[in-house]
Amino acid sequence: MSEYEPNETLDVKGLSCPMPVVKTRSAVDDLSSGEILEVISTDSGSMSDLKGWADSTDGVDMLDQDESEEDGQALFLHYIQKE
């Protein structure tokens, strides 16, 4: 698990590219500066998709990415901070 304390959690389980990025971008827009968004996805592609989006987007930092499991299903966790 992550050491970060998210201010908001976005559940994009069951969605595939490009929806995790689209919904993350919208959720980050609603954050205040310094706040952290936790994104929970079941799409393994979200690891590279969200990292690439964060790296190419001014005003956001990808703090951490992690893999977990829930009820036998892989979960991909992303922690994004708005600058």
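Trainee: What makes the 14 residues a nonpolar core?

Mentor: A nonpolar core is a set of buried Ala, Val, Leu, Ile, Met, Phe, Trp, Tyr and Cys residues joined through side-chain atoms within 4.5 Å, where buried means under 20% relative accessible area with a 1.4 Å probe, protein chains only. The largest such set here has 14 residues, and Leu10, Val28, Leu37, Val39, Trp53, Val60 and Ile80 have the most contacts inside it. Helix 1, strand 2, helix 2 and strand 3 each give two or more residues to this core. Bear in mind that this is a predicted model, where local features need pLDDT of at least 70, side-chain atom pairs count only at pLDDT 80 or more, and totals for chains, interfaces and linings use all residues. Residues are numbered from 1 along each chain, and side-chain values use heavy atoms, without hydrogens and water.

Trainee: Which residues does Ile80 touch?

Mentor: Contact means heavy atoms within 4.5 Å. Leaving aside residues up to four places away in sequence, the partners of Ile80 include Val28, Leu37, Trp53 and Val60.

Trainee: How do you know that strand 3 and strand 4 pair?

Mentor: Strands are DSSP runs of E, at least two residues, numbered from the N terminus, and two of them pair if DSSP finds at least two bridges between them. Strand 3 and strand 4 share 10 bridges, so they meet that definition, in the antiparallel sense.

Trainee: Why do strand 1 and strand 3 stand at the edges?

Mentor: The open sheet has the order 1-2-4-3, with mixed pairing. Strand 1 (8-11) and strand 3 (60-70) each have a single partner strand, so one side of each is left without a neighbour in the sheet.

Methods
Helix = DSSP H or I, 4+ residues; strand = E, 2+ residues; numbered from the N terminus. Buried < 20%, exposed > 50% of the residue type's maximum accessible area, 1.4 Å probe, protein only.
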